[in-house]
Amino acid sequence: MSVNENIEPEISLAMPADYYALMKPRVMRLVVFTALVGMLLAPGSIDPTLGVIGILAIAIGAGASGALNMWYDADIDAIMSRTVNRPIPAGRLTGNQALNFGMVMSVLSVLTLGMLVNWVAGAILAFTIFYYAVFYTMWLKRSTPQNIVIGGAAGAFPPMLGWACVTGSVSLESFVLFAIIFIWTPPHFWALALWKMRDYDDAKVPMMPNVAGEKSTRNQMLAYSVILAPLSIVPTLMGFAGFLVGVLSAVLGVVFLWLTFKVWQNAGRDEKLTAEKRLFGYSIFYLFALFALLMIDAITFRISGAYLLGAF
Amino acid sequence: MEFGEGKMQPGELIELTDEQKRARKFRNIAIGLALAFMVGAFYYGSVARFSSKLGERAATVAAEKAAADKAAKDSN
């Protein structure tokens, strides 16, 4: 039998922009930013060329895991309004194209980081891709309401990766940066899940509000925020951020706690879920502002040898 | 696409539409740029790695030479 006998030819119309969309650019930007902060906070230095290559490799690795996530979750994405326009459910790319792209990018990013920067960072990147694409996407997401709690670790690795690029190791300080993002993820994501519950229900994704109920979710969000607020100032207490950053981080943490308290307090009172939407928006600002402060402080320390307003 | 009754026969060639040709052209350009970027990254990355190691090596050699000179001077 001839190879192409009775086969409908399928010629791709995919554009480079569709492949770029597979890499979840908004997530990638956050990954680049937090990895850069980890790199700047780490003791020691890295050649600027290798630093840029390291950040790019981390970004491509994160994008690759996003592509693998979109390949596996295409069935869910086609149901949810938030994700229905992604390249695969929209028909711009096939699942196989996404899978091949994700696999190639994963291998290239890990090899590049390992060979040109160091293999500790390369190994952490490989683990992060595996954690997100296999552990979270293929298993946790569809099987437990704790999916984004445990899976949130994947999003928390980038500052540790940046740190490892410079030092060739991980340390307690890098774990603190990891912990901030890890503890931040549940209240951030559940604020979204509370007003997108129906979407997740239709897609049969066991998010916390759908499984444990709204009341339990709000209680847990408050608990995580109670941990997050003091965690915000740990970098200052441990001496790798200055006093001014500590004060501003405390303010950011207290506002986060207050907005989560409003979500907890207003349960069932507001059909428009204003408090939840406000918390979701603020949570993005919180993480950006906290890491921006740490970055400014790290740059100040590298230039002048002292933190803003001195150490704690 | 019209190939007989919608099925391709052995030996038939596919005629790409303008839209398909345009998409392929842009994909080829993107792959080309990505490959060129990778070559550049590995070239400059390797140079950066070598130069930092060479710097360390030069410093070690200079320190060893200084120590040896000092020892020779002290013994005299």
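Q: Which helix of chain A does A:G54 lie in?
A: Quick background: this is a predicted model, where local features need pLDDT of at least 70, side-chain atom pairs count only at pLDDT 80 or more, and totals for chains, interfaces and linings use all residues. Residues are numbered from 1 along each chain as its sequence is written, chains are lettered from A and ligands numbered from 1 in the order in which they are written, and side-chain values use heavy atoms, with hydrogens and water left out. Helices are DSSP runs of H or I with at least four residues, numbered from the N terminus. On that basis, A:G54 sits in residues 48-72, which is helix 3.

Q: Is A:G54 buried or exposed?
A: Buried means under 20% relative accessible area, exposed over 50%, and partly exposed in between (1.4 Å probe, protein chains only). A:G54 has 0% relative accessibility, so A:G54 counts as buried.

Q: Which residues does A:G54 touch, not counting those up to four places away in sequence?
A: Contact here means heavy atoms within 4.5 Å. By that rule, the partners of A:G54, leaving out residues up to four places away in sequence, are A:L113 and A:V117.

Q: What is the phi of A:K204?
A: A:K204 belongs to the loop between helix 9 (197-202) and helix 10 (208-211) of chain A. With 69% relative accessibility, A:K204 is exposed. Its phi is positive, in a residue other than glycine: near 60°.

Q: Where is A:L273?
A: A:L273 is buried, at 15% relative accessible area. Its phi is positive too, near 55°. The place to look is the chain A loop between helix 13 (243-265) and helix 14 (274-304).

Methods
Helices (H or I, at least four residues) and strands (E, at least two) are DSSP runs, numbered from the N terminus.
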